[in-house]
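Hi,

Here is the structure I promised to pass on to you. Please have a look at it first; my notes on what I found follow below.

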Amino acid sequence: MAVATDMIVPAFPKAGIPRHPVERLTVKLKAKRRETPDTMSFAFDVVDGSLRQYPGQAVSLDLPMPQGTVTRTFTVASAPNLTNWFELTIKAAPDGYATRWMQDALAVGDEITGRGAFGTFSIISHPNTPLLLIGGGSGFTPMMSTLRWLSERSEAADVVLIQAARSKQDLLFQEELDQIATQMPTLKLFNVLSAPKKGEAWSGYRGRPDRAMIRAMVPDAHRRLTLCCGPVGFMDHMGKVLRAEGLDRARFLTESFGHKMALSQDVIPPIKGDGITVSIGAQTYDVAPDVPLSASLAAVGKRIPTGCGEGQCGTCRVRLLEGEVEMNHQGGLSQQEQDQGYILACCTRPKTAIKIGM
Ligand SMILES: Cc1cc2nc3c(=O)[nH]c(=O)nc-3n(C[C@H](O)[C@H](O)[C@H](O)COP(=O)(O)OP(=O)(O)OC[C@H]3O[C@@H](n4cnc5c(N)ncnc54)[C@H](O)[C@@H]3O)c2cc1C
Ligand code: FES
């Protein structure tokens with residue numbers, strides 16, 4: 001257990017989300033715990049660096065997989081009260097090789113590097129606001145961090161928490177949530193199952209939360225600051241339901257766990273002959289100029305994993321093999337990495353035809 005001298009209990013700031021510098025970290029896996037059939041929690045000690053964070057923020061980890069090191073981003077699920085310890089809760093994505101490797105191969109005692117904390121999906125600049133927290137699948141982690149933080153601060157916050165999962169066995173943190181609810185009478189907890197298993201006893205809500213369910217669970221949804229995280233289709237659906245219930249668009253905050261760039265496909269106009277050629281291995285793509293590389297590639301169907309989307313976390317690191325680019329990052333690359341030719345695709349615009357390695 002981390003020592004009390006490293007305890008930070010961030011207070012609500014007066015305005016905006018204050019920025020801590022994103023620090024480079026060396027972390028050591030202290031414990032692994034299975035939560036559901038496809039999800040595990042990973043507790044890390046920070047052995048070098050200091051993790052200063054707010055609820056809902058994320059870290060990135062460099063994962064030394066046999067095929068080469070890849071970087072992935074995860075929201076801290078524990079309360080952001082310690083600078084030398086944190087916990088992540090990670091679902092092995094069905095087609096995910098990095099998360100599967102973490103569950104199968106990352107061992108207690110292993111040391112890896114990372115960066116953190118970053119992100120703006122946080123209640124930190126919304127004090128004394130009634131909250132509606134909605135998490136679907138692994139998108140429940142920012143809600144858990146927020147709730148653990150409020151609970152550890154003994155905040156009598158007015159919170160409605162909705163967890164959406166496929167079946168009962170996929171629900172996260174049930175015992176702990178019940179325990180928090182006994183100490184926090186202003187907390188209301190709901191679970192909604194999209195596909196309860198045959199023979200599974202379930203008398204609660206089923207399907208996707210619709211207007212009738214929302215009215216039953218949260219009759220005053222329109223006045224709550226709402227944080228929603230989960231698959232993109234789920235967040236879109238919840239946004240529509242809540243807007244129909246009178247929630248102002250500006251009070252509906254979302255976090256995407258991997259489809260940030262999918263939006264770009266809608267906003268980047270199709271190329272009409274004056275694109276820039278990007279070669280990746282044997283493939284070539286004609287992409288829009290003057291658009292960050294990760295967005296322009298996503299628009300033509302090539303995904304590069306991203307985390308912060310603003311040059312801090314290093315998740316979108318690729319190697320520039322040929323050509324010229326303009327890059328404007330915010331500490332997501334070390335000087336050594338830059339000297340080795342790495343660039344961050346979320347904050348790099350190609351100036352000429354380029355060739356990159358992933
Ligand atoms: C801010 C943030 C917080 C997150 N927090 C959590 C968390 O708490 N728990 C959790 O389980 N997961 C979380 N994720 C998702 C996680 O980082 C992985 O992206 C996800 O689990 C995919 O699994 P993988 O890395 O094993 O997939 P991989 O097999 O490594 O990748 C699968 C495919 O998806 C693409 N891909 C992977 N990541 C992204 C991405 N970010 N953007 C676009 N394409 C991508 C890859 O190119 C590949 O084609 C978070 C993501 C973000 C951006
Ligand atoms: S996505 Fe974080 S640095 Fe590019």
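The buried residues of helix H5 (residues 232-244) are covered by elements including strand E7 (131-136), strand E8 (159-165), helix H4 (211-217), strand E11 (225-229) and strand E12 (252-255). Helices (H or I, at least four residues) and strands (E, at least two) are DSSP runs, numbered from the N terminus, and two residues count as in contact if their C-beta atoms, placed from the backbone, lie within 7 Å.

Before I go on, please keep in mind that this is a predicted model, where local features need pLDDT of at least 70, side-chain atom pairs count only at pLDDT 80 or more, and totals for chains, interfaces and linings use all residues. Residues are numbered from 1 along each chain as its sequence is written, while chains are lettered from A and ligands numbered from 1 in the order in which they are written.

Back to H5. Its buried residues are Phe234, Met235, Met238, Val241 and Leu242; buried means that 20 or more other C-beta atoms lie within 10 Å of the residue's own, exposed 12 or fewer, and partly exposed in between, with C-beta atoms placed from the backbone. Seen down the helix axis, the buried residues of H5 fall within an arc of 125° (from the directions from the axis to the C-beta atoms), so they line one face. The face turned away from that buried side carries Gly233, Asp236, Lys240 and Ala244, which are exposed. Just after H5, Gly246 has a positive phi of about 100°.

Now the whole protein. The domain assignment (bounds from an automatic or database assignment) gives domain 1 (4-118), domain 2 (131-255) and domain 3 (264-357). The centres of domain 1 and domain 2, taken over C-alpha atoms, are 23 Å apart. Their contact takes 17 residues from domain 1 and 14 residues from domain 2. On the side of domain 1 that touches domain 2, strand E1 (23-36) and strand E5 (85-91) are the elements giving two or more residues, and E5 provides the largest share, three residues.

In total, the protein has eight helices and 19 strands. Its radius of gyration (over C-alpha atoms) is 21 Å, close to the 21 Å from the globule rule (2.2 Å times the number of residues to the power 0.38) for 358 residues, so the protein is as compact as a globular protein of that length. Buried residues make up 40% of the 358 residues.

Enjoy looking through it!

Technical notes
Expected span 1.5 Å × (residues − 1).
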